[in-house]
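Please read the following report alongside the sequence and the coordinates.

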Amino acid sequence: MTMIAKHMRRAAVSEGAPGRNCTSRRFWTITVVLSAVVALVCELGLFNLLHWTSLGNTPVSLDVQPSAGLTVQGSTYTITDPDNAYLELTGIDAHVSTLFIGLSACDDMALDITVFMTDEANSTYTALPSEELTLVVPASRYLELHTAGESQSLRIGINEVAGYTFSVDEGFVANATAPFDFSPLRLCAVFVLACFVLAFRPSSPLFRTSLSWRSKAQKALIVVLAVVEVGAFGAFSYRGFSTNDTWEAHDQYDDLANAFLSGNVVIDKEVPEAIRELDNPYDPGARAVALQEAGQSELSGRITDFAYYNGQFYSYFGPVPALMLFVPFKLITGYDMPTWLAVFFYGALFIVAIKVLLVLLCDRLLKLRPSLGLFLLADFLLCGTTGLIYLGYLPVVYSVPIISSLAFAAWGLACWLAAKRGAGEVSAPLLVVGAVCIALTLGCRQSFVLCALLAFPLFWEEITRYRAFFSRRGIGNTACVMAPFVLAGVAVMAYNAARFGSPLDFGATYNLTSNDMTKRGFELARFPLGIFSYLFQPLSLTGKFPFMTTVPVTSNYQGYTSSEPMFGGFYAFCTIALVSFAFCSRRFKAPGSVRGFALLLMGIGFALMLFDIQASGITARYMADFSFFLLLPAALALFMFEQRAGTGSAAWAFHLAVVVASLLCLGLNAWSIFIDGRYGPLKEAFPSIYYGVKQALSFLW
């Protein structure tokens, strides 16, 4: 990074006038004060609304009668008949506005219930929407009811399976006063969020300050931002779903590292005899039956997603992360490396690379200075909407090749941009470093090597005008770029030949997974569903927390295509990325190298998406393969639009539109971790967070 900074252009920056500094101080003072007011209003008012509305209630203790579908032993209840498991609450004779439900799950998990009410409009029981109660968030046991007139009785249906146990520990109270719940952590979270939103209002000094790498204050801001983002991602990935140890995909890279340390490429894992005896071990149905008959399973044996070839297990995951991280970790500590730590390491590299890359794109390619505010928004979008949230939340082996390739690709492009010195001069060391970074993707996720094509628009002027490449004068520069790819290619081909007898066989087709990859083939009919699902599938919104659900992956395609939980298409989650299509219009005046770079980025993104559809299927984590390449040109277009908007009302309107669109995209991507039905649902992995946020937002309904 020091070498990159050395070659960055030193643009002059004007000092702010005293009047402007005074205005800026007043802006930030108002921002902090308004944020504090918003946080206090939310904490004292909205988040405790049920307390204030129930403050004058007269509590009524209720009698409880268990149904025949429950057996009672003291205060513990066991479900024997799930279709007839409920508690009858009588002795009300009053209008019920709140209900305290003194139930708790014996396993400390959430208890799913349905309240059936009677009132003056309903003489028979009417079911209300189901609710979940948990002692993790005690306030969740206070429900607000909306009945018509007086009620005589209520019924609490228990929506659990036979054998489920729960307890009645504090009884039931109608019209109970909900307790006041003050949370300093929630107060601080809302304050920070409000500061973030208000800081980017169109009148912000952030949009009146030009980006300048020479400014010490801006350097400090970007460094602090990087530290905060890396720290947050580290905490996020450490606390990710895989730390619950309920996911089988933990140790494939450790197995590969152990194989390398033993001087082998074969995974030291016993192949079940049931698999050896199968005519087609890649048939998932036949494999499951054979293992079941042998008293085994794929999960218990942890053989899922290993490549099986000639009676041995191999890893089809690229070897670079294992050699770069897992092997040294084992040599130094003597222990296997946690997979989440690798995800964090590469995620941190990517986060830092984005900032350097954006600065260099503005300085070396666009040759303009966007506002600091737009630069920061672009950084947040590239870090928050290109798959980092998904990969960090699921820091398992499947995330490692994608996030490592993203990090190497971003650093490779940054190094190549920094290598441009002007007037046809380039830095050979930075050319080599950039080429090495992108070449390393061959050993992570091979399709990312397409990034090498971006060298042509980046160095177009050096190639065509100054003959700094592909000429006698530029033979050294050409070698600096090509040599790392040749060496990496030879190494990877040798590795492939050692495993599968062919230098071009990466082993993905031998993967023991949910479908027979050896027979998958190429089907044009897969593309419509895949393109729709990955790009254009609308979000599935509901009126009940968490307000978003997984979306169906369905079509008229009469064939098998693997799919996993999806939340919506890329352009539904990141609509602002559509501005990248401005480069497709001739009316959008852009230098040839900029247009070529942007269009090639989009082409690489779409190519990676199409490859995933055919080679793998439809799953949310694969969106991280191409999201970065579709959003980066959008950032370039926004920088150019801002320059053309100039100042005054046009600039104000432009910044307002960008801020609203950016916050919407960031909010949707961040909120996706709450979606039920995803891998590792938050309600099961971290119920205190899920139900805490759910209870805080209970005022919405």
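## Salt bridges

Asp612 forms a salt bridge with Arg445, the closest N and O atoms being 3.6 Å apart, where a salt bridge is a side-chain nitrogen of Lys or Arg within 4 Å of a carboxyl oxygen of Asp or Glu. This pair links distant parts of the chain, since Asp612 belongs to helix H21 (residues 592-615) while Arg445 sits in the loop between helix H15 (428-439) and helix H16 (455-458), 167 residues apart; helices (H or I, at least four residues) and strands (E, at least two) are DSSP runs, numbered from the N terminus. Asp612 counts as buried at 2% relative accessibility, and Arg445 is buried too, with a relative accessible area of 15%; buried means under 20% relative accessible area, exposed over 50%, and partly exposed in between, for a 1.4 Å probe and protein chains only. Salt bridges that share partners also join Glu43, Asp181 and Arg186 into one network.

The model is a predicted one, in which local features need pLDDT of at least 70 and side-chain atom pairs count only at pLDDT 80 or more, whereas totals for chains, interfaces and linings use all residues. Residues are numbered from 1 along each chain as its sequence is written, and side-chain values use heavy atoms, with hydrogens and water left out.

A search of the whole structure finds 18 salt bridges. One of them joins Arg141 to Glu170, with the closest N and O atoms 2.6 Å apart. Arg141 lies in the loop between strand E9 (131-133) and strand E10 (142-144) and Glu170 in strand E12 (residues 165-174), so the pair ties together parts that are 29 residues apart in sequence; Arg141 itself counts as buried, at 4% relative accessibility. Another salt bridge is that of Glu462 with Lys420, whose closest N and O atoms are 3.1 Å apart. This pair again links distant parts of the chain, with Glu462 in helix H17 (residues 460-464) and Lys420 in strand E15 (residues 420-422), 42 residues apart. Glu462 counts as buried at 2% relative accessibility, as does Lys420 at 10%.

## Strand pairing

Strand E11 (residues 151-158) is mostly covered, with 6 of its 8 residues buried. Strand E5 (residues 86-94) runs antiparallel to E11 and is joined to it by 6 bridges, where two strands pair if DSSP finds at least two bridges between them; Leu89 has Leu154 of E11 as its bridge partner. Strand E7 (residues 111-119) is likewise antiparallel to E11, through 5 bridges, and here the bridge partner of Thr114 is Gly157.

Strand E4 (residues 76-79) has a covered face, made of Tyr77 and Ile79, and an uncovered one, made of Thr76 and Thr78. Strand E3 (residues 70-73) is joined to E4 by 4 bridges in an antiparallel arrangement, with Val72 opposite Tyr77. The hairpin of E3 and E4 has 2 residues between the strands, and Gly74 takes a positive phi near 70 degrees in it. E4 also pairs with E12 in the antiparallel sense over 3 bridges, and there Tyr77 stands opposite Phe166.

## A helix contact

The axes of helix H11 (residues 339-366) and helix H14 (residues 399-419) come within 8 Å and cross at roughly 25 degrees, axes being lines fitted to C-alpha atoms, for helices over the stretch in contact, with angles from 0 to 180 degrees between N-to-C directions. H11 and H14 are therefore roughly parallel to each other, a term for angles under 35 degrees. The residues of the contact of H11 with H14 divide into 23 nonpolar, 4 polar and 1 charged; Ala, Val, Leu, Ile, Met, Phe, Trp, Tyr, Cys and Pro count as nonpolar, Asp, Glu, Lys and Arg as charged, and the others, Gly among them, as polar.

## Backbone details

Most residues other than glycine have a negative phi, and most peptide bonds are trans. Asn175, although not a glycine, has a positive phi of about 60 degrees; Asn175 lies in the loop between E12 and helix H4 (184-199) and counts as buried, at 8% relative accessibility. Lys367, also not a glycine, has a positive phi of about 55 degrees, and its place is in the loop between H11 and helix H12 (372-384), where Lys367 is exposed with a relative accessible area of 56%. A cis peptide bond, with omega about 10 degrees, joins Phe545 and Pro546, and Pro546 is found in the loop between strand E17 (540-541) and strand E18 (548-549).

Terms used. Angles under 35 degrees count as roughly parallel, over 145 as roughly antiparallel, 65 to 115 as roughly perpendicular and the rest as oblique.
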